[in-house]
Every structure is written in C-alpha cells, then in structure tokens.
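Please keep the structure open while reading.

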Amino acid sequence: MKTLKELTRPNVWALKPYSSARDEYSGVEASVFLDANENPYHAPFNRYPDPLQKELKSLISPLKQVREEQIFLGNGSDEAIDLVFRAFCTPSVDNVVAIDPTYGMYQVCAEVNDVEYRKVLLDEHYQFSAEKLLAATDDHTKAIFLCSPNNPTGNNLCRGEIESLLHSFDGLVIVDEAYADFSSERSFLLDLDKYPNLIVLQTFSKAWGCAAIRLGMAFACPQIIGLFNKIKYPYNVNLLTQQEAISLLQDPVKVQDWIRILLQERTRLMDEFSKLSCCETIYPTDANFFLTKVTDAKKIYEYLVSKGIIVRNRTHVALCGNCLRITIGTSEENDTLLEALKGWV
C-alpha cells in the first residue's frame with residue numbers, strides 16, 4: 001500500500017490538533033479542576049467527558065481481541081465514515097469506490113466532502129468482484145467501501161474477494177461489519193495486524209440494542225486511529241453514552257441471548273413469510289433483517305403503513321426492484337406483520 005503520509009491529505013498530516021484541557025495532564029490523580037471553564041456544580045454532568053474514552057476502550061479491547069490503540073469511538077459509525085473522507089480525500093481531486101447497492105451514508109459523506117463516489121454494481125447473487133472494483137480505481141482513489149453483511153441485501157460478501165482487495169489495492173479498504181454479530185463469518189478484526197490498510201467498522205446500534213446512544217467503533221492500525229483522533233471533535237462521545245456502554249459491557253451474555261433469540265426469530269419469520277401470497281423471493285441473509293421481492297413493494301409498503309407497521313421499501317435501490325427490507329422484531333411484532341400480510345389481496 002501507499003504510505004500513510006501519501007494517503008493522508010497534506011493539510012491534515014501537517015495539522016496541529018486542538019488540545020483540550022483534559023489532554024494536557026496525565027499520570028496525576030487530580031481532584032480540583034480549574035482548567036476548562038466548567039461550572040463547579042451539578043456533578044458529574046458539569047465536567048467534560050474523557051475525550052479518548054479510555055475506560056470504555058479498556059472494556060472493548062478484550063471483548064473484540066484488539067489493542068486499545070487500535071480503537072476509535074465515535075458518534076455512530078457515521079462519524080468514522082466521515083473521518084475517512086476528511087482525513088484522506090482531497091475535495092474535488094480524490095475519489096472512492098464502493099459496491100452498489102450498499103449503505104447510503106458512504107455516498108452522502110462523499111458528496112458532503114465533495115469527493116467523487118464511484119459505484120460498481122453487484123452481480124445477480126449480490127456479490128462483487130475484486131477485479132471489477134480495482135478496475136474502477138485510479139491514482140486518485142483513496143478508499144474502497146465494503147459492507148459485510150451488506151445493507152440492504154443482508155448477505156456476507158465473499159471473503160476471498162475482500163482479501164484479494166486488501167492484497168492488491170494500495171489505498172484503504174473499509175469493511176463495515178455493522179451486522180457481523182448476526183453472522184457466523186470470521187470478523188476481519190482478527191486480521192488488523194495483517195493488513196495495515198484495513199479499517200473495520202462496528203456499532204453498538206444493532207446487536208447491542210443501543211441505537212439511541214449513538215456509539216460507533218472503528219478499528220485500524222494505531223497510525224490511522226491517531227489520525228482520526230487528531231481531527232475528530234474533542235469531546236465527540238458524551239458522558240451519558242460512555243456510561244450506558246460501560247454498563248452494558250458488564251453483561252455481554254445478555255447481548256448473546258438477544259442475538260440467539262433474533263436468529264431463531266429470523267428463521268421462523270423468513271419461513272412463514274415465504275408462504276405468503278405476496279412473497280416472490282426471499283434472499284439469503286446473515287444480518288438481523290432480510291430482503292424480499294414481493295408482488296408490489298410500493299402498495300404493500302403503503303398498506304403496512306396504514307396498519308401502523310413500518311418496513312423499508314427498497315424498490316428504487318439498484319438490483320432491488322419490488323423489494324422490501326424487513327427487520328427482525330420481537331415474536332409479537334413479527335406475528336403482527338404476518339397477520340397483516342395474510343389480509344393483503
């Protein structure tokens with residue numbers, strides 16, 4: 001791969017980061033804080049949170065089998081996605097390549113940062129070819145975005161093709177594993193030391209049931225994490241978010257129980273859904289949702305809305321004509337969906 005300096009925007013490489021009050025001392029147990037212009041009353045909410053979330057990272061590190069210096073925590077995974085563009089892509093000059101269809105925020109962040117976004121269509125099995133993605137790159141391609149399991153298709157991307165990209169591409173490869181907890185596929189987290197150009201994204205929003213606290217994770221070599229920390233907002237993860245994540249991490253068995261139940265419900269719901277007259281195809285999934293082709297996605301979507309049931313109409317997404325994306329809910333929610341669709345004519 002290119003050196004990190006070659007990949008990084010020159011102004012970012014030369015940037016002297018903002019130094020927050022909490023960054024300027026270490027190794028001392030302080031009790032009097034008169035450095036950050038805070039109100040001394042209403043503890044603990046009067047104090048700025050740890051800008052590097054050290055306690056939280058110390059709990060994530062053994063769970064994910066990575067070193068603390070390989071972890072970046074952000075305001076959802078979307079912050080880490082945006083930081084890739086801000087750190088590495090010069091506006092109106094550089095570009096990124098991504099599979100299509102996939103998670104829409106990659107393109108949104110590209111457009112916000114004035115970076116060309118190049119799409120490469122998946123095949124009829126919702127798989128990609130490393131060769132085709134590489135053919136879409138040029139000297140100004142800084143990153144390739146992959147989502148596995150992919151959204152909205154639900155399937156794992158071919159591991160061999162991802163590895164081929166990591167070996168062949170001289171820029172960054174971002175593998176978004178937001179739904180990996182629902183898959184039996186081996187996480188690319190275990191390969192961080194093998195591939196210095198790899199960034200893996202995960203989140204607390206899905207299996208961990210914490211979409212509301214907005215906590216995303218990026219894992220990469222310490223040098224890339226250092227760049228993210230250099231340009232992120234100083235206190236990007238608030239105290240309440242850190243506290244809730246720390247509390248949940250005390251009981252990871254609970255999360256595993258949720259995953260087990262959701263996987264059982266996924267099998268049951270897909271089996272029952274396939275029997276409905278409106279269902280034409282259900283595509284294989286490794287996530288907590290499935291993509292299904294139905295007889296008339298727009299009308300069925302509107303019918304479900306009228307019943308107070310919200311799914312996602314993906315009919316205007318590439319390769320997803322007449323498709324709905326359905327998240328696995330509780331047993332009761334799934335039954336409500338099935339009963340409503342039995343009344344669809």
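This is a predicted model: local features need pLDDT of at least 70, side-chain atom pairs count only at pLDDT 80 or more; totals for chains, interfaces and linings use all residues.

Two strands count as paired if DSSP finds at least two bridges between them. Strand 2 (residues 95-100) and strand 4 (residues 141-147) run parallel and are joined by four bridges. Within this pair, V96 stands opposite A143 of strand 4.

Both strands belong to an open sheet of seven, with the order 1-7-6-5-4-2-3 and mixed pairing. Strand 1 (71-74) and strand 3 (116-121) are its edge strands, each pairing on one side only. Direction ignored, neighbouring strands in this sheet are turned by 20 degrees against each other on average.

Two helices that pack on this sheet can be described next. Helix 5 (residues 105-112) touches strand 3, strand 4 and strand 5 (172-176), and its direction makes about 155 degrees with that of strand 3. Helix 8 touches strand 1, strand 5, strand 6 (198-203) and strand 7 (216-219); its direction makes about 30 degrees with that of strand 1.

The bridge partner of I71 in strand 7 is F219. In a regular strand the side chains alternate between the two faces of the sheet. In strand 1, I71 and L73 lie on one side and F72 and G74 on the other; all of them are buried, and both faces of the strand are covered.

There is also an open sheet of four strands, ordered 8-9-11-10, with antiparallel pairing. Strand 8 (279-282) and strand 10 (312-313) each have a single partner strand, so one side of each is left without a neighbour in the sheet. Strand 9 (residues 289-294) and strand 11 (residues 323-327) run antiparallel and are joined by five bridges. Here K293 stands opposite C323 in strand 11. Helix 10 (residues 252-273) packs on this sheet, where it touches strand 8, strand 9 and strand 11; its direction makes about 5 degrees with that of strand 9.

Which residues have the most contacts inside the largest nonpolar core? They are I60, F128, L133, L146, F204 and F219, in a core of 48 residues. Helix 9 (residues 239-249) supplies the largest share of this core, four residues. Apart from this core lies another, of 34 residues, which includes L7, Y106, V115 and I199.

Beyond its neighbours within four places in sequence, F204 is in contact with I60, G209, C210, A211, L215, M217, A245 and L249.

In one of them, the rings of Y48 and Y235 have their centres 4.5 Å apart and their planes at 15 degrees, so the pair is stacked. This pair links distant parts of the chain: Y48 is in the loop between helix 2 (10-14) and helix 3 (54-64), while Y235, 187 residues apart from it, is in the loop between helix 8 (222-231) and helix 9. Y48 counts as partly exposed because its relative accessibility is 40%. Y235 is also partly exposed, with a relative accessible area of 23%.

The rings of F204 and W208 form a tilted pair, because their centres are 5.3 Å apart and their planes are at 45 degrees. W208 counts as buried at 6% relative accessibility. Elsewhere, ring pairs join F85, Y103, Y106 and F145 into a cluster.

Charged side chains also meet aromatic rings. The charged end of R86 sits over the ring of Y233, 5.6 Å from its centre. In the case of R159, the charged end sits over the ring of F188, 4.0 Å from its centre.

Is S187 buried or exposed? Its relative accessibility is 19%, and S187 therefore counts as buried, since the cut-off is under 20%. Not counting residues up to four places away in sequence, S187 touches R159, E177 and Q202.

Notes
Residues are numbered from 1 along each chain as its sequence is written. Side-chain values use heavy atoms; hydrogens and water are left out. A nonpolar core is a set of buried Ala, Val, Leu, Ile, Met, Phe, Trp, Tyr and Cys residues joined through side-chain atoms within 4.5 Å. Buried means under 20% relative accessible area, exposed over 50%, partly exposed in between (1.4 Å probe, protein chains only). Contact means heavy atoms within 4.5 Å. Rings of Phe, Tyr and Trp (its six-membered ring) pair if their centres lie within 6.5 Å; planes under 30 degrees apart count as stacked, over 60 as edge-to-face and the rest as tilted. A charge sits over a ring if NZ of Lys or CZ of Arg is within 6 Å of the ring centre and within 35 degrees of the ring normal. Axes are lines fitted to C-alpha atoms, for helices over the stretch in contact, and angles run from 0 to 180 degrees between N-to-C directions.
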